[in-house]
Amino acid sequence: MPESAWKFLFYLGSWSYSAYLLFGTDYPFFHDPPSVFYDWTPRLALPRLDPRDIAAAYLLQGSFYGHSIYATVYMDTWRKDSVVMLVHHVVTLVLIVSSYAFRYHNVGILVLFLHDISDVQLEFTKLNIYFKSRGGAHHRLHALAADLGCLSFGFSWFWFRLYWFPLKVLYATCHCSLLAVPDIPFYFFFNALLLLLTLMNLYWFLYILAFAAKVLTGQVREPKDLREYDAPEAHSPKPSKAE
């Protein structure tokens, strides 16, 4: 539970900050995605380095994903998707560092905003699953919050990561970038990483669909992490984290 509480607070804060940058300032990137490349040059100046800047969001996210790589390898329970999770963290960190270095930070804020909201709902759901049976009693309010959180998580994953992400980010980076800057550097490098991120989002969405199918067919009655190894699998030989 402490891990989920920490992640919930982090994702809530980082997503709220990204939402502030996109909707509480003059940045038009969400409503006008091609604007991320308006007047783009390799020497495009970053905003002032103060807590209200894009630079602060990058520092926060880069630190978090740097730690997440270490945590996935040495601290977290090994799951069916742990290898994919590790690749995701590496790809994300590479995107954060390289987009900051090569002045694609406008796109980066849009990417972070579209991804963090699903993690907020995931950790919120986990917390309520823990709370609903605390003290050996059943708590209806937390059970209801867990069920609603599970539904909203599945919907937001599809809407933000599989609908808006291609519609706004991939459209801007694959198509609009060439219109704004025909010889834009690192075009294939960044788009390959963003497409890989999309494939991983599709991969995890299959777990969401599999869970929904089990609920509809009565195989499970409450939220369950299908990424966990079953008992027979857990005792089967598999590489240790040290290896």
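**Note on the aromatic rings, charges and helices**

1. Arg-161 lies over the face of Trp-157, 4.0 Å from the ring centre. This comes from a predicted model. Arg-161 is buried, at a relative accessible area of 3%. Trp-157 is buried too, at 5%.

2. Asp-119 is buried, with a relative accessible area of 12%.

3. The count of salt bridges comes to 3. Side chains of opposite charge can pair when their charged atoms come close. One of the bridges joins Lys-7 to Glu-3, with the closest N and O atoms 3.0 Å apart. Both residues lie in helix α1, 4 residues apart, which is about one turn of the helix. Glu-3 is partly exposed, at 41% relative accessible area.

4. Lys-126 and Glu-123 form another salt bridge, their closest N and O atoms being 3.9 Å apart. The cut-off is 4 Å, so this pair counts. The two are 3 residues apart in helix α4, or about one helical turn. Lys-126 is partly exposed, at 23% relative accessibility. Glu-123 is buried, at 3%.

5. Now the rings. The structure holds 34 aromatic pairs. Among them, Phe-153 and Trp-157 pair edge-to-face, 5.6 Å centre to centre with 65° between the planes. They are 4 residues apart in helix α5 (residues 140–180), about one helical turn. An α-helix has 3.6 residues a turn, so residues three or four places apart point the same way. Phe-153 is buried, with a relative accessible area of 13%.

6. One aromatic cluster is formed by Trp-15, Phe-23, Phe-30, Phe-113, Phe-155, Trp-159, Phe-160, Tyr-163 and Trp-164. Phe-30 has a charge over its face as well: Lys-168, at 4.2 Å from the ring centre.

7. Helix α2 (residues 54–74) has 21 residues. From first C-alpha to last it reaches 31 Å, close to the 30 Å expected at 1.5 Å a residue. Its buried residues include Tyr-58, Phe-64 and Tyr-65. What covers the buried residues of α2? The cover includes α1 (2–23), α3 (82–101) and α4 (105–131).

8. Helix α6 (residues 187–216) has 30 residues and should span 44 Å. Its end C-alpha atoms are 43 Å apart, which agrees. Just after α6, Gly-218 takes a positive phi of about 80°.

Conventions:
Residues numbered from 1 in each chain as written. Predicted model: local features only at pLDDT ≥ 70, side-chain atom pairs only at ≥ 80, totals over all residues. Heavy atoms only, no water. Phe/Tyr/Trp six-rings, centres within 6.5 Å; stacked < 30°, edge-to-face > 60°. Buried < 20%, exposed > 50% of the residue type's maximum accessible area, 1.4 Å probe, protein only. Lys NZ or Arg CZ within 6 Å of the ring centre and 35° of its normal. Expected span 1.5 Å × (residues − 1). Contact = heavy atoms within 4.5 Å. Salt bridge = Lys/Arg side-chain N within 4 Å of Asp/Glu carboxyl O.
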